[in-house]
Amino acid sequence: MKRLWLPGAFVALILLLALAAPLLGLPDPVRQDIARRLAGPMSGSWLGRDEFGRDVFSRLIWGARTSLSVAFASALTAGIIGVVLGLIGGWSRGVGSFLSVRSMDIILCFPPVLLALLVVTLLGPGAATLILVLSVLYLPGFARVTYSEVLSVRGRDYVEATRALGAPTWYILLRTVLPNIAGPVLVQLSLAVAAAVVLESGLSFLGLGVVPPAPSWGLMIRGARATMEQAPLLLVWPCAALTLTILAMNLLCDALRDAVDPRTAGR
């Protein structure tokens with residue numbers, strides 16, 4: 001548990017800044033000031049101005065809000081649907097297993113980035129499209145993890161005891177099975193959020209994600225690439241924010257995995 005606090009605190013700080021962005025009194029992240037384009041750090045603009053004179057610090061905070069909103073929305077959507085499918089498949093077996101879990105193999109046949117590019121190209125860029133495509137991409141992971149965990153606990157004594165008491169199937173799944181497989185599902189959720197942040201930034205960098213002028217770390221990296229010789233710090237700030245966020249999330253995933261793994265939890 002000691003390994004959880006540092007990455008957990010950093011991730012919590014990022015989430016708090018993203019949620020509190022409207023309350024921080026930051027400059028408008030899309031307001032342009034051409035007269036001060038590429039300006040360095042100054043009073044009222046801690047990290048300077050970008051190629052259109054927009055406040056970089058404000059765009060970083062609002063960009064975190066956009067990126068994390070897309071990541072968490074897609075991961076939660078995939079998690080809810082995937083857990084339901086995994087519970088049904090692992091408990092019912094047979095045809096239910098084939099329809100709910102084995103069908104996920106179809107999605108896994110497609111390379112994730114190519115599938116995302118295809119869907120975004122067909123439906124058009126935007127946050128809603130990103131949430132849809134990322135939810136589809138991370139759905140098989142949740143379904144397969146839940147399915148395997150249900151198979152491992154369905155024959156346990158406490159499950160058989162609940163069944164012997166005459167409890168309905170939905171009660172057994174939601175009140176007995178699900179709480180006992182929540183650890184691996186939580187780890188999968190943290191992994192999906194971290195991966196979704198990276199993929200959202202990559203698609204935005206390619207122009208297939210968040211639509212300008214909305215702030216996004218991927219869009220900031222894309223815009224700073226053209227002016228990196230005149231103002232290299234414009235490229236450093238979003239890259240640093242993205243790198244530190246993903247590093248903290250990965251460390252948090254490792255700590256969660258160790259915390260819920262019975263082989264390492266007692267160390």
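Leu122 is placed in helix α5, where helices (H or I, at least four residues) and strands (E, at least two) are DSSP runs numbered from the N terminus. With a relative accessibility of 66%, Leu122 counts as exposed; the classes are buried under 20% relative accessible area, exposed over 50%, and partly exposed in between (1.4 Å probe, protein chains only). The model is a predicted one, in which local features need pLDDT of at least 70 and side-chain atom pairs count only at pLDDT 80 or more, while totals for chains, interfaces and linings use all residues. Residues are numbered from 1 along each chain as its sequence is written, and side-chain values use heavy atoms, with hydrogens and water left out.

The greatest contribution is that of α5, with 3 residues.

The secondary structure of the protein chain consists of 11 helices and 0 strands. Along the sequence, the pattern is accordingly written α-α-α-α-α-α-α-α-α-α-α. A box of roughly 75 × 45 × 30 Å, taken along the principal axes, is filled by the C-alpha atoms of the protein chain. Of the 267 residues in the protein chain, 44% are buried. Among contacts (heavy atoms within 4.5 Å) with a separation of 6 or more, 68% are accounted for by residues 24 or more positions apart.

The protein chain carries 21 positive and 14 negative side chains, and the centres of the two sets are 3 Å apart. In this count Lys and Arg are positive and Asp and Glu negative, whereas His and the chain ends are not counted; the place of a charge is NZ of Lys, CZ of Arg, CG of Asp or CD of Glu.

Salt bridges, defined by a side-chain nitrogen of Lys or Arg within 4 Å of a carboxyl oxygen of Asp or Glu, number 6 in the structure. One of them pairs the side chains of Asp33 and Arg36, at 2.9 Å from N to O. Arg36 is partly exposed, with a relative accessible area of 32%. A further salt bridge links Arg54 to Asp50, at 2.9 Å from N to O, and both of these residues are buried. Arg54 also meets Glu51 in a salt bridge, with an N to O distance of 3.8 Å, and Glu51 is likewise buried. Through shared partners, the salt bridges join Asp50, Glu51, Arg54 and Arg59 into one network.

Phe10 lies in helix α1 (residues 2-19) and counts as partly exposed because its relative accessibility is 32%. Not counting residues up to four places away in sequence, Phe10 touches Leu244, Thr245 and Ala248. Phe10 and Leu191, 181 residues apart in sequence, have a C-alpha to C-alpha distance of 16 Å. Glu160 is located in helix α7 (residues 157-164) and is also partly exposed, at 34% relative accessibility. The C-alpha atoms of Glu160 and Gly48 are separated by 63 Å, the two residues being 112 residues apart along the chain. With neighbours within four places in sequence left aside, Glu160 is in contact with Arg154 and Gly155.

Backbone geometry was also examined. Most residues other than glycine have a negative phi, and most peptide bonds are trans. Leu38, which is not a glycine, has a positive phi of about 65 degrees. This residue lies in the loop between α1 and α2 (56-92) and is partly exposed, with a relative accessible area of 23%. The peptide bond from Pro212 to Pro213 is cis, with omega near 5 degrees. Pro213 is found in the loop between α9 (182-205) and α10 (217-225).
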